[in-house]
Structures are given as C-alpha cells and as structure tokens.
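Student: I've got a model open and would like to talk it through. Can you take my questions one at a time?

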Amino acid sequence: MRPARAPGAPPPFGTLLAAELAAAIRHPLITYLAATTAAVVILFARAPRPYVIPQLFAEDGLWSSLLHTRGFWYAAFHGRPESDYCILGNVLLLAAGRAWCALVHGGDPLEYPRSCAWVSYLFYGAIFSLPVLLLRRRLPAAQLLVLWLLACFLPLGIHDSSFSGFEILGRVSNIGFACLYAAFLLVWYRTTAAPGPAALVATDLGLLACVTTNPLAAVVLPAAAWPAIRDLRQGTRAAADVARDPAVVSLLMLVAACAGLCGLPNPWKIRPREPIPPLGAAAVVELGLARNTLFPLVWPVYRHLSTGLTLGMTACVVAAIHRWSLPRHRPLFLGGAALLAVTATVLVVFRPELGIHIGGYRSTFPDRYFYGQNLVGLALLAAFAADVGERLRERGWLRHLPVAGLLVLLAAAVIHEPPWRLAPSQCLRPEGRLFALRAARAVGEGRFVDERLRADPAGRFVSIPNPEGTPKRIVLPRAPLVRALVARGLDPSAPNGAGVIPAQALEPLAR
C-alpha cells in the first residue's frame with residue numbers, strides 16, 4: 001500500500017511532469033501547429049502532384065527565375081508589371097522554398113520544385129488553421145473544428161473535368177487569393193480580442209504581408225478602425241486618447257507601409273486579351289452572388305441553380321442572418337457582406353471573361369479567383385452557426401442542429417473530392433523525371449543566359465523551357481544544376497537526356 005503524502009509535501013515528480021505536459025499540449029500554439037500539420041497531410045492527399053511530379057507551374061517559374069537572377073526585391077516589385085502591384089508574399093514563399101531546398105536537399109536545384117510544393121502546402125495549412133489560433137475565444141470549439149475541416153476540404157474542381165484545383169494546392173503563384181481570407185481573420189481578431197503589443201505587431205505584420213501579396217486585401221483595413229470609430233461616436237473616449245491608442249498608431253503605420261510598398265494598383269490594366277461583351281444581368285447574378293458569395297453553402301446544387309433560385313437563396317440568407325444572428329456578430333456580417341460585395345464588383349467589372357467560363361451554371365472554373373471569398377463565406381457560416389446554437393442553447397438537442405448542418409456539408413465535400421482517391425488532374429503527366437529531363441535537355445542544347453535572361457554561352461544560368469508550351473521559362477543557376485544532373489546520371493548530350501555525363505564535360509558546362 002502506497003504511503004500517504006505528508007501534508008505540505010510537494011507532489012510527486014511524475015504528477016508535476018504530467019501536469020506540465022498537459023498544459024503544454026493545451027497551449028494555443030501547440031494546437032495551431034498540430035492543426036497545421038494535419039492540414040498539410042490532408043492537402044497533400046488531395047493534390048500530391050506538385051510533389052510527386054515536380055515542376056514550377058506558370059508564374060512560379062517566372063518569379064523563381066527573377067528571384068534567382070535579379071534578387072528578392074526585384075522579383076517582388078517587378079513580377080507583375082502588367083498590373084502594377086507587388087507580389088511580396090509570393091516571392092517570400094519562393095525564397096522560403098529555396099531555403100528549404102538548401103537545408104533539406106543541399107541546394108540541389110532539381111529538388112527546388114518539390115521544396116516549393118512543401119512550402120505551398122504549409123502555407124495553406126497555416127492559413128486554414130488560423131481560426132484555431134485567433135478565434136478560440138470568439139467561436140465555440142465545435143464550430144472552429146468544423147470550419148478548419150471545411151476549409152481543408154473546400155471543393156476546388158480537383159475531380160471535375162476542369163481540373164481547376166490543379167492550379168492551387170501545391171503552387172505558390174495563387175496564394176494571394178487565400179491572403180484575402182487571412183486578412184479577414186486577422187482584422188476580426190484585431191477588432192475583437194484587444195491584442196497586447198506583441199500580438200498587435202504580429203497581426204499588423206500579417207496584414208501587411210496579405211496586402212502586399214493581394215492588394216484587394218486592403219479592402220478589410222478600414223474595418224480595423226471600427227473600435228476607435230465606435231468609441232468616438234459613443235463618446236467613451238476623447239479624441240486625444242484615441243489618437244494615442246497603440247492600436248490606432250499601429251494601424252496608421254500599417255496603412256502607410258501598405259501604400260509605400262504597393263503604391264496605387266492600376267486594375268484597368270487587368271483586361272482580357274480579347275474584347276469581352278458586357279455581362280448580362282443573369283451572368284452578373286451568377287458571377288457575383290452564386291459563385292462569389294453563396295458557393296460555400298450552395299456548391300452541392302450549384303449546377304442546378306438559376307437566376308431566380310440564386311436571388312431567392314440570397315434573400316433567405318440575408319433574412320436568416322438578420323433574424324438569428326447575435327448583436328456581437330452583426331458588425332462581422334456587415335463587414336463580410338461588404339467585402340464580398342467589393343470582390344463581386346471587381347470580378348464583374350475587371351474579370352468579365354469569368355462569366356463565360358461559368359456561364360449558365362455549367363462550371364466553377366477557374367476556382368482560384370473565388371477561393372479567398374469562399375473561405376470568408378465559410379467563416380461567416382461558422383459564426384452564424386455559433387449564433388444559432390447560442391439562441392437554441394435552452395432547447396435541448398436542437399442546440400446541436402447548426403453544427404450538424406455544418407457536418408453534413410463537410411461530409412458532402414469529403415465525398416465529392418475524397419482524399420483517398422487520386423483525382424485525374426493529379427495524373428496528367430506521369431513522367432516522374434520530367435523536370436530533370438527538361439533541365440538536362442536545356443543544358444545539352446546550351447540554353448545559357450545571363451542575369452537579364454539574355455542568351456549568353458558563358459551565362460551563369462540555364463533557361464529551361466516551360467512544359468506547358470507557353471513563353472514562360474524557368475531559369476536556375478548553372479553550376480549547381482549541372483552537378484545535380486551528373487549526380488543523377490543524366491547526360492544532356494543524349495537525345496532523351498539519359499546516360500551519364502562524362503567527367504571531362506562537367507567543368508566547361510558548370511563554368
């Protein structure tokens with residue numbers, strides 16, 4: 001029989017250790033890291049192709065080329081000359097991919113596409129898990145869990161004939177759309193959680209990264225001033241006190257930094273290559289309401305919608321929010337509605353060609369243009385479910401209906417695009433050594449360029465043609481690339497890139 005512990009004696013070491021471990025596991029950062037890790041696993045299962053068949057897709061290759069040849073800041077401010085805005089976040093992730101490649105793969109350029117794929121999975125996993133970290137005191141745990149899962153399984157056309165999800169998960173070029181969602185969450189946290197100085201700085205740096213990646217994210221910045229405006233209107237604080245508020249000072253610095261880094265974007269430059277006829281009323285309703293706004297709720301029946309049904313559902317959603325939402329979330333719903341209205345207007349005015357792709361509720365392609373807005377819609381849906389559950393808390397089992405509804409939507413999403421079944425979009429090109437073979441051919445054909453991408457037999461870089469047949473190309477450092485080819489036994493002089501590079505050929509190629 002274990003002897004009783006004497007009064008006042010310290011608890012056993014094992015008990016203390018167990019308590020410390022339990023406290024560490026419950027720490028918000030540990031929970032966030034666990035959610036991010038699980039999200040990465042889900043996203044990899046949904047779209048493994050960027051890692052299994054590595055290549056730098058579309059702008060990833062172009063911006064990586066600028067990063068390697070002209071440096072970080074040049075790539076960030078000159079990667080989008082056609083639309084006059086910087087892509088700081090995209091280039092930051094590509095640079096992180098380069099650092100990952102150096103750390104994990106010894107700087108092997110042939111592993112750079114895989115490194116960028118991992119960075120992309122991590123980015124999306126971290127964004128989808130943000131509510132777990134930021135909103136744990138704003139939403140119940142059940143709603144947070146379902147919101148996280150809904151974001152991880154949001155339908156992306158991965159299993160559809162459009163292969164739209166091919167362009168998102170595992171890629172860096174389209175992360176800007178998710179930055180809209182991240183900015184929305186950060187402003188929600190900033191205006192409701194009263195963060196301390198460290199959290200306030202981290203939040204505003206996150207907002208700066210979002211805006212300097214997707215300038216449309218700046219739409220949410222005015223909402224960050226709502227607490228100060230409310231205090232001024234209610235007279236709870238003097239104007240001088242508001243002006244000295246660290247949150248207000250930080251917000252002003254954030255706005256100045258965004259303006260200095262982004263400048264004034266010129267959206268009128270973003271025009272379709274061919275003239276597009278003006279959208280009719282039905283196309284505007286479909287593009288702005290069905291696809292941009294209601295999609296997280298109506299996607300299971302999207303192809304069965306019509307203009308009348310879309311307008312009717314919009315009216316029902318607005319009426320339900322007005323009737324069942326709680327006062328604490330009314331500003332959230334108003335801000336979310338304003339954000340979705342702005343994005344819908346931008347798409348209708350500046351991207352009318354999207355109305356052709358999805359015309360008549362035939363397709364959801366290209367999903368990337370609606371990704372951020374749909375994630376915002378999921379967050380609003382989770383907040384509304386929390387409000388309804390709060391109103392029904394005295395109604396017995398009825399209080400579980402809102403979460404049950406979200407779980408039904410989640411189950412439908414998992415069944416629609418199951419992670420256990422490889423989608424056709426992930427098998428378009430099964431050649432496992434595609435990128436390495438193209439690099440070997442480029443070296444064998446003498447595709448050497450200088451830092452300005454001009455042909456130069458003595459150039460320090462290799463220009464690798466894009467497999468999609470577009471003018472875009474991928475430029476990587478010459479010497480490490482040749483060494484990597486030799487290590488793999490690929491001979492650039494062979495017709496198919498096979499064979500071993502002779503040792504005497506290495507030195508002139510790698511100069």
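Student: What share of the protein's residues counts as buried?

Tutor: First, a note: this is a predicted model, where local features need pLDDT of at least 70, side-chain atom pairs count only at pLDDT 80 or more, and totals for chains, interfaces and linings use all residues. Residues are numbered from 1 along each chain as its sequence is written, and side-chain values use heavy atoms, with hydrogens and water left out. Buried means under 20% relative accessible area, exposed over 50% and partly exposed in between (1.4 Å probe, protein chains only). Of the protein's 511 residues, the buried share is 49%.

Student: Is Ala202 buried, partly exposed or exposed, and why?

Tutor: Ala202 sits in helix H11, residues 197–211 (helices are DSSP runs of H or I, at least four residues, numbered from the N terminus). Its relative accessibility is 47%, so Ala202 counts as partly exposed.

Student: Which word describes how H2 lies relative to H7?

Tutor: The axes of H2 (residues 28–46) and H7 (residues 112–128) come within 8 Å and cross at roughly 125 degrees; axes are lines fitted to C-alpha atoms over the stretch in contact, and angles run from 0 to 180 degrees between N-to-C directions. Under 35 degrees is roughly parallel, over 145 roughly antiparallel, 65 to 115 roughly perpendicular and the rest oblique. That angle therefore makes H2, relative to H7, oblique.

Student: How many charged residues are in the contact of H2 with H7?

Tutor: Contact means heavy atoms within 4.5 Å, and the residues making it include Tyr32 of H2 and Trp118 of H7. Ala, Val, Leu, Ile, Met, Phe, Trp, Tyr, Cys and Pro count as nonpolar, Asp, Glu, Lys and Arg as charged, and the others, Gly among them, as polar. The contact has 11 nonpolar and 2 polar residues, and the number of charged ones is none.

How values were computed
Helices (H or I, at least four residues) and strands (E, at least two) are DSSP runs, numbered from the N terminus.
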